[in-house]
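Here are my notes for a colleague who is meeting this structure for the first time. They are set out as numbered points, to be read beside the model.

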Amino acid sequence: MSTPTRRAAPFEGSSLAQVTAELKEEVRELYTADEVPWVIGYSGGKDSTATLQLVWLALQELPVEQRTKTVYVISTDTLVENPVVASWVSQSLETMRQAAVEQQLPIEPNRLTPKVQDTFWVNLIGRGYPAPRPKFRWCTERMKIRPSNTFIRKVVRRHGEAILVLGIRKQESQARARAMAKHEKRRVQERLSPNGNLPNSLVYSPIEDWSNDEVWTFLMQQSNPWGHPNKDLLTMYQSATEDQECPLVVDDSTPSCGDSRFGCWTCTLVDQDKSMAAMVNSGDEMVWMEPLLTLRNKLDVSGPEEHELRDFRKMNGSIQLFGERIVHGPYTQEARETWLRELLEAQSRVRAEAPEYVRGIELITMEELHEIRRLWVFEKHEVEDSLPRIYKEQTGEDFPGRPLDEHLALGAGEMDLLREVCDGDDLLFTTARELLEVERKFRTMTRRSGLFEALEKTVKRGFFEGKDDAHAYALKKKYLLEEIADRLPLIEDEDTTDAPA
């Protein structure tokens, strides 16, 4: 895909001061036009920083009595953000909060995170979802969209409307340019576009026509009004670019610093994490992130190697075919336990080697570990409760959670004995273990309605001899259904022919 053509002259020949003054005046006019609160999306990157700076500078020039409505700044932390960026954003939000109070500005920073059941590791390690792919992109909705939309909907419910101020630009990509052009046609005011996903909310994008270089020109020549140095932001982008350069005035063939894209360090939707790789290779200061890059690359497996890590059954126990090939389901128990071990090991290494400002980093939170433990034991029936043992082995510390054995039919020792009795047949072992857990679950109920259905479901999940047997069964069923479908028209024709006149 070709990149958008840069302008011949910055800001189409206008000076930075002139462009900034015009935009600040526009911001003030929109802000004072009504009582609708503003919500600014802030990622800590260059575009959202430039957008927030423009709004901040514009409000500074308003009399205090006209600063009447709140400007909510929201930053969504997926909990798997690039650690350098996450640290930058956290520090920036805190600096922002203090500066807004001191400058008497109605700006309220908010750090948003996904609910524990929606986090990356709870879904991948807990539920066994395979690493995200373009055709199974389960992460974005849960980790990014839901937290921000939930916040915005609360603002809308409270005030009736909201204006979203976003640092989106047409030159980011051709797809972005087409989408923004489409929304422009539906604008209810000169600069406000409707948001298709969030009712009663409008979008304002003040830097939509700026290029990468114009963003950097503004950031480098205009001091950050809340006191978080933009030169540090430039340095962060430089470290994420292979050539370590961020030219502000370049020709069409020179890559800008804006080509560096930050995101989740676990992201497998791209072929490789170029920004983190560039950071790791930029010098000794960033080499501490190498364990993260290594784990991310291990997650990014496909083909037969990935199939070995995943169950041949879907989450509900069914066998699904694509053509004549099995569509594999969630990660196996062994794979999930391995991912947990490697994640905790990476966390220990990073804590030991990282600089002071990220020394206490949590790659996975304790809340997530408790939720993963619950999913393993009570939803996946892995009653041996292996998470505390793995945590102890990898960290050297006791897991801070109460024992679950008192709630289970059998403890870890009995599970080891059951596995031994099953003589290496993992499918037999997991089926027997689940049957025991189903019995335990219904034992204390006054009415045991649903017991036989639960037992039947468990038996159906595990009555195969293995993957090959399940594959053969699914193919036989597929062929039988196709044969029935082919014969139905003939049967209907016979019925019509034999019918009395």
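How much space lies in the second largest pocket? The second point gives the answer, after some words on the model itself.

1. Basis of the notes. This is a predicted model, in which local features need pLDDT of at least 70 and side-chain atom pairs count only at pLDDT 80 or more, while totals for chains, interfaces and linings use all residues. Residues are numbered from 1 along each chain as its sequence is written, and side-chain values use heavy atoms, with hydrogens and water left out.

2. The second largest pocket. The space in this pocket is about 1100 Å³. A pocket here is an open set of points on a 1 Å grid over the protein atoms alone, where a 1.4 Å probe fits, with protein on both sides within 12 Å along at least five of seven lines, and lining residues have an atom within 4 Å of a point; points are joined across faces, edges and corners, and the volume is the space filled by probe spheres set on them. The lining has 44 residues, and Asp311, Arg313, Lys380, Glu382 and Arg461 are the closest to the centre. Two or more lining residues come from each of α4 (120–127), α12 (333–353), α13 (366–379), α16 (426–443) and α17 (451–462), and α16 gives the most, with ten residues.

3. The lining of the second largest pocket divides into 22 charged, twelve nonpolar and ten polar residues, where Asp, Glu, Lys and Arg count as charged, Ala, Val, Leu, Ile, Met, Phe, Trp, Tyr, Cys and Pro as nonpolar, and the others, Gly among them, as polar. Glu382 lies in the loop between α13 and α14 (387–395), and is buried, with a relative accessible area of 5%. Buried means under 20% relative accessible area, exposed over 50%, and partly exposed in between, with a 1.4 Å probe and protein chains only. Beyond residues up to four places away in sequence, Glu382 touches Gln333, Arg336, Trp376, Val377 and Arg433, contact being heavy atoms within 4.5 Å.

4. The chain as a whole. The protein chain has 18 helices and eight strands, which are DSSP runs numbered from the N terminus, helices being H or I of at least four residues and strands E of at least two. Of its 501 residues, 48% are buried. Helix α7 (residues 212–221) is mostly covered, with eight of its ten residues buried, and these pack against α1 (16–32), α2 (46–60) and α8 (230–239).

5. Nonpolar cores. The largest nonpolar core has 94 residues, and Trp121 and Trp265 are among those with the most contacts inside it; a core is a set of buried Ala, Val, Leu, Ile, Met, Phe, Trp, Tyr and Cys residues joined through side-chain atoms within 4.5 Å. Apart from it lies another core of twelve residues, including Val39 and Ile74.

6. Phe151. This residue is in helix α5 (residues 139–159), and counts as buried at 15% relative accessibility. Phe151 touches Tyr72, Ile74, Asn110 and Leu112, leaving aside residues up to four places away in sequence.

7. Cysteines. The count comes to zero disulfides, a disulfide being a pair of cysteine sulfur atoms within 2.5 Å. The sulfur of Cys264 is 6.4 Å from the closest cysteine sulfur, in Cys267, and is therefore too far for a bond. Cys267 is likewise in no disulfide, with the sulfur of Cys139 nearest at 6.3 Å.
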